[in-house]
Amino acid sequence: MEKTIYNFSAGPAMLPVEVMKEAQAQFRNFNDMGVSVMELSHRSSEYIAVAKEAEQDLRDLLQVPDNYKILFLQGGGRGQFSALAMNLMGKNANADYIVTGQWSKSAIAEAEKVGKVRVLNGFEGNDNTTPLAHHWDLDPNAAYVHYCVNETVEGVEYPFIPETGEVPLVADMSSTILSRPLDVSKFGLIYAGAQKNIGPSGLAVVIVRDDLLDQACPQTPIVMDYAAMAKADSMVNTPPTYAWYLAGLVFKWLKRQGGLEAMGERNKAKAELFYNYVDNSDFYSNSVHPQARSWMNIPFQLNDDSLNDAFLSQAQAAGLTTLKGHRSVGGMRASIYNAMPIEGVQALVDFMDVFAKQHS
Ligand SMILES: *Cc1c(COP(=O)(O)O)cnc(C)c1O
């Protein structure tokens with residue numbers, strides 16, 4: 001029998017076992033065609049059906065309104081840091097960026113190559129995790145306001161959607177998209193690298209409101225040009241066909257799970273299980289403000305960090321992998337995206353409890 005491994009990687013992250021098995025079963029013989037979906041022309045009717053179905057399933061899951069396009073692009077999450085700036089700053093080269101952690105900082109660095117960026121802190125006080133209570137000093141004439149909904153490194157998930165009036169809100173949802181229901185109509189543009197909650201790395205999904213498709217800088221490369229991509233159903237050039245297909249399998253899996261309401265309840269239960277354990281322990285801790293704690297990425301510390309190496313090697317031996325924290329934060333990080341079952345979180349908590357008792 002296969003040993004059960006729970007993979008807590010922040011990304012590329014685990015995919016649902018059912019999806020992996022389905023892909024495996026079809027790997028060399030897609031729809032009885034005798035070839036892999038990877039070997040199909042992206043212009044073939046068979047592949048176009050795969051692509052369209054994936055798009056429709058994502059539209060259903062997120063209840064994306066009709067006046068939004070869904071694009072399947074390349075270059076991952078970071079590619080969109082550049083693409084969104086080039087696509088939105090052609091007529092008005094001023095944007096507001098809210099900083100909440102490392103990913104929003106990286107987004108700013110790319111936008112600054114394109115236009116003028118004003119940087120606003122998303123937190124009050126100095127602990128860098130207490131979310132600002134709605135008193136933003138936003139520029140009413142900015143082309144857009146950007147924020148990162150879930151900071152994957154710090155484990156900070158913004159607890160509310162910033163109110164930006166007429167200014168379009170742009171959101172990096174790489175590590176939280178599809179983890180709970182979402183009101184897409186509050187956003188001008190949503191984007192996500194795929195390798196956390198959607199599928200294989202390299203792919204990025206962009207959901208963009210139609211009226212924002214005429215704001216691009218003229219030098220925007222065509223493979224990043226939202227309007228051109230929207231017009232060509234994301235096939236200006238050859239799309240990452242296999243990643244798109246796998247994303248489609250994940251979307252179908254999510255529908256079978258009961259959609260985003262059900263995923264939200266599940267993810268909430270997983271996160272609560274973990275935070276409750278850590279909060280009631282004097283061996284482990286998590287320092288993120290309770291209001292801003294991520295459901296997807298949970299950094300935690302051993303209060304005695306000389307035990308870190310022992311913790312990681314024993315966890316590995318117990319089938320609990322990739323728990324080492326991001327190098328900038330240290331300690332541990334458990335990423336518990338959609339594909340992580342609650343049994344995995346329970347197994348981790350059980351292991352942590354045994355480890356704590358052995359070492360205190
Ligand atoms: C992973 C991640 C990215 C970058 O994704 P790449 O595909 O590696 O470029 C961007 N933003 C957030 C919030 C992420 O978690």
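**The shell around the ligand**

Sorted by class, the residues in the shell around the ligand are 3 nonpolar, 7 polar and 3 charged. Here Ala, Val, Leu, Ile, Met, Phe, Trp, Tyr, Cys and Pro count as nonpolar, Asp, Glu, Lys and Arg as charged, and the others, Gly among them, as polar. The model is predicted: local features need pLDDT of at least 70, side-chain atom pairs count only at pLDDT 80 or more, and totals for chains, interfaces and linings use all residues. Residues are numbered from 1 along each chain as its sequence is written, and side-chain values use heavy atoms, with hydrogens and water left out.

The ligand has 13 residues around it, and those that come nearest are Arg78, Thr152, Asp172, Gln195 and Lys196. A residue is near if one of its heavy atoms lies within 4 Å of the molecule. Helix H3, residues 76-88, gives the most to this shell, with 4 residues. Helices are DSSP runs (H or I, at least four residues), numbered from the N terminus.

Several polar contacts (pairs of N or O atoms within 3.5 Å) can be listed. For glycine 77, a backbone N or O atom lies 3.0 Å from a ligand oxygen atom. For arginine 78, a backbone N or O atom is 2.7 Å from an oxygen atom of the ligand. In threonine 152 the side chain takes part, with an N or O atom 2.4 Å from an oxygen atom of the ligand. On its own the ligand has 380 Å² of accessible area, and the protein covers 87% of that. Accessible areas come from the Shrake-Rupley method with a 1.4 Å probe.

Terms used:
A polar contact is a pair of N or O atoms within 3.5 Å; within protein, one must be able to donate a hydrogen and the other to accept it, and residues adjacent in sequence count only if both atoms are side-chain atoms. Helices (H or I, at least four residues) and strands (E, at least two) are DSSP runs, numbered from the N terminus.
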